[in-house]
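Subject: Two-chain model, handover and notes on its interfaces

Dear colleague,

I am handing over the structure below, together with some notes on what was found in it. Please read the notes with the structure open beside them.

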Amino acid sequence: MKIECTLNGQRKTLDVSSTRRLLDILREDFHLTAVKEGCGEGECGACMVLMDGKAVNACLIPAGNLMGKEIVTPEGFKESPRGKIIEEALIEAGAVQCGFCTPGFVMAIESLLNEHPHPTEENIREGLSGNLCRCTGYQMIFKSVRLAEEKGAGLW
Amino acid sequence: MKMSISKSINRTDAKGKIWGETPYLGDIAFDNPLYVKTVRSNQSHARISAIHIPTLPEGYWVIDKSHIPGKNYMKTVVSDHPILAEDEVLYIGQPILLVAGPDREKVYGLSKEIRIDYEPLPAVYTLEESEKQGMVFTDYTLSKGNPVEAFSQAEKILQDEYSTGLQEHVYLEPQGMAAEFKEDTVFVYGSMQCPFYVEEALTEALNMPADKIRVIQTTTGGAFGGKEEFPSLIACHVAIATCVTGHPVILIYDRDEDILSTTKRHPSLVRYKVGLDKNNTLTVLDIDILYNAGAYAGISPVVLQRGIFSSTNVYNFQHIRVRGRNFRTHTVPSGAFRGFGAPQSIFAMEMLMHNIAISLGLEPIDFKMKHCLKQGDTSCTGGKIHDKIILPELLERALTLSEYRKKIQTHKPFTGIGLSLFLHGCGFTGNGEQTIRGKIILQKKGKDVLIKVSSVEMGQGADTILRKIVAHTLELPIHHVQCEVRDTGLIPDSGPTVASRTVMIVGGLLQKAAEEMKSRWDTEENLEISKVYHHPDFLVWDNDTFTGNAYPTYSWGVNVAEVAIDPISYAIQVKKITAVYDVGRAIDERTLRGQMEGGIVQGMGWATIEVMHADEGTLVQRTLTDYKIPTSTDIPDIVCDFIENPYEFGPFGAKCAGELPFTGPAPAIAAAVSNALGIPIKELPITPEKLLEMKNDED
Ligand code: FES
Ligand code: FES
């Protein structure tokens, strides 16, 4: 079927089966490999992208749900001012180890700060609870959210 | 003045990972690859009586044991795991066949259509049953002093038993490998800790010389021991598939397949008989350690050795007998996992000490400290501890930071506080380092320096840290120092990336090479310096009797855990962990903290929510929906501190760090739960169900 949507700011017409996973469309058809597959079952958040500004797991979204949607992957977010701030914050906090979870966390942090520009600790824990990280123990990722909040004051 | 080495710098690999630009195996485009799927046993123990393969479309292959050019086993410590099953299978998930072809869906479909007939054979699932049937793989004993006589003189004799469960690594990047032929050489790419282990396994499986095999590590999305020996098996699969088909091939596990079929942490059972004198001092211990190795022995003998040598933890006992045995069960093989057998035996020892103290009406800290090792004492293998032990300082700092003494007096019902002391033997066990003799090369080209080692970056920060050691020594900006790709055709064998040895051993060699390079820097434009590891002469080890220095030195830690338990559901919430460590000196404080915090959370998972068991050989928790690892809502506040105690033979005084933090949380949390509920904890994971059961039994 033909699906009209926006991908990283560009209008696209996808010609795919309606059950094909957004994750495969992004990785295989568009080579957007910042979107990782850690589980394929909605548990890890490594495949997170923004759909109409909200973080979603691309492995759980069938193509049929994409009509008229706006999808942003880490690749499309990278050069934005908020992307740069999150990058700086993650590096400074030491929140990147093996890195397999990290692009997913970038999306989650963007979505979290969008909703709560000044998040409480609860907001942070809740906002990141869909993303697994086996390396860091999360504490430095929490810190990166605080740093992004500070450095990016006014951006969210 | 030169900056302290410990001052944190930004990780050199962070930016590329943040934006997903650094390619992991699954992100690399191979030229028209075939996809490979593994067909596995659905039986715990059975003879294969027939295999029915559907008619294959053109361009599709089914590969079995008869296609293996060399030996049908995966080379490791005990090379008993067949690459593809012969006529018997020993666990659910054991690889039997490979299906390869250009369309992934079709390959998956074909693999499901293959029917295998089995004749079931008797299977054994538990350690206890395996012990009863005498299915022992390895049986080691060590002794020190005169335990028989010491028991005869003991005032009081106690017996006790402790156990721990399975744990899955859950590195976020599932296992995977790819292979291709270029001219007459096989290239194998993948996520791994030990490129030369993989190379060695391939030489045997393919019956090819090492110079016709290139193993290239791709960016590795977490490993924790899970990518120590296991990748060799998948590497054999893809290499054989590329030989058979003549095409590039790629095989990446999906998460469920990874959970089903890759190695796990050894479940354990530790039994004690101990003697005390009239001053309530432990004078003699008989320790019986049983590890469940699963269906094949593999790397388990070495895991068991570390378990045995760590079994007296930070304590000094004169009379000891330790027996350690690995048992076979018809379950997925156990393997390397952060801590490598030590966390199990240390958990048991810490809880034994805790529970004895409580039963004698003593404060556990006082009872433990009375038995602690001091510099000049000997370990359970009789090896003299040469280095300064600063455990009392670590303890004092942890008690102060956590306000332990106040909190233990004033804690409310259903809240508790507990403490653990622990150590980790740095580097390989026994004569491992002397046998491996790690080699490094440092190359200078003009103003740039290249590090050549086989120690990999797998998330722990090895690239940044090794570059930092060299850059700091040469007083160069870090971007002038690079690491060579871990390609066995380009690098020397500095040893596997295991045993928390990378900084201390490999970093130490690099520091020496860099010092030499510095003295020749101005006069030589191009320069290559290589160094081979030499074990300090004063360390002795006899591998037949297990006597001497099992490790060159130790890192140490103290954890204080605070828990709150829901009075109705008995759900455990770990509120806070305070951790103080002696790892010699930090090479980079923030990277080190990252290791500690990650290790603490992984250790907490093992102790609490990471429940995994096999029901008659079938894993009950087979997806990440069923097998829970800690998320951002589960983790405690972590306070982490270090006290410097530089080690003479480590670079800038550094010792080992990566595995140490895993060990502390379980016994500290168990002690805290026991403090909260007034019941002794002897089993991991500690689940609400078990606590409720224990409480009900008590009432
Ligand atoms: S791959 Fe989508 S949530 Fe894990
Ligand atoms: S950095 Fe490895 S999983 Fe998060």
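A disulfide is taken here as a pair of cysteine sulfur atoms within 2.5 Å, and by this rule the count over all chains comes to one. Before going further, please keep in mind that this is a predicted model, in which local features need pLDDT of at least 70 and side-chain atom pairs count only at pLDDT 80 or more, while totals for chains, interfaces and linings use all residues. Residues are numbered from 1 along each chain as its sequence is written, chains are lettered from A and ligands numbered from 1 in the order in which they are written, and side-chain values use heavy atoms, with hydrogens and water left out.

The disulfide joins Cys426(B) to Cys656(B), with 2.4 Å from S to S, and its angle of -60° about the S-S bond makes the link left-handed. Cys426(B) sits in the loop between strand 16 (415–425) and helix 13 (432–436) of chain B, and Cys656(B) in the loop between strand 27 (637–642) and helix 17 (660–663), so the pair ties together parts that are 230 residues apart in sequence. Helices (H or I, at least four residues) and strands (E, at least two) are DSSP runs, numbered from the N terminus.

Turning to the interface of the two chains, 55 residues of chain B are in contact with 45 residues of chain A, where contact means heavy atoms within 4.5 Å. The area buried between them is about 4000 Å², of which carbon and sulfur atoms give 56%; buried area is the accessible area (1.4 Å probe) that two parts lose on being put together, summed over both. Ile18(B), Trp19(B) and Leu172(B) supply 22% of the area that chain B buries against chain A, more than any other three residues. There are eight salt bridges between chain B and chain A, each a side-chain nitrogen of Lys or Arg within 4 Å of a carboxyl oxygen of Asp or Glu, and one such bridge pairs Lys36(A) with Asp27(B), their closest N and O atoms being 2.5 Å apart. Helix 16 (589–607) of chain B is among the elements that supply at least two residues of the side of chain B that touches chain A, and helix 16 gives the most, with eight residues.

Within chain A, the domain assignment (automatic or from a database) gives domain 1 (2–76) and domain 2 (78–151), whose centres, taken over C-alpha atoms, are 21 Å apart. Their contact takes 19 residues from domain 1 and twelve residues from domain 2. About 1200 Å² is buried between these two domains, 63% of it on carbon and sulfur atoms, and Met48(A), Leu50(A) and Pro74(A) supply 34% of the area that domain 1 buries against domain 2, more than any other three residues. The count of salt bridges between domain 1 and domain 2 of chain A is zero.

In chain B, the C-alpha centres of domain 1 and domain 3 lie 37 Å apart, and seven residues of domain 1 are in contact with ten residues of domain 3. These domains of chain B bury about 680 Å² between them, 64% of it on carbon and sulfur atoms, with Ile92(B), Ile259(B) and Leu260(B) supplying 58% of the area that domain 1 buries against domain 3. Across this interface of domain 1 and domain 3 of chain B, too, the rule finds zero salt bridges.

With best wishes
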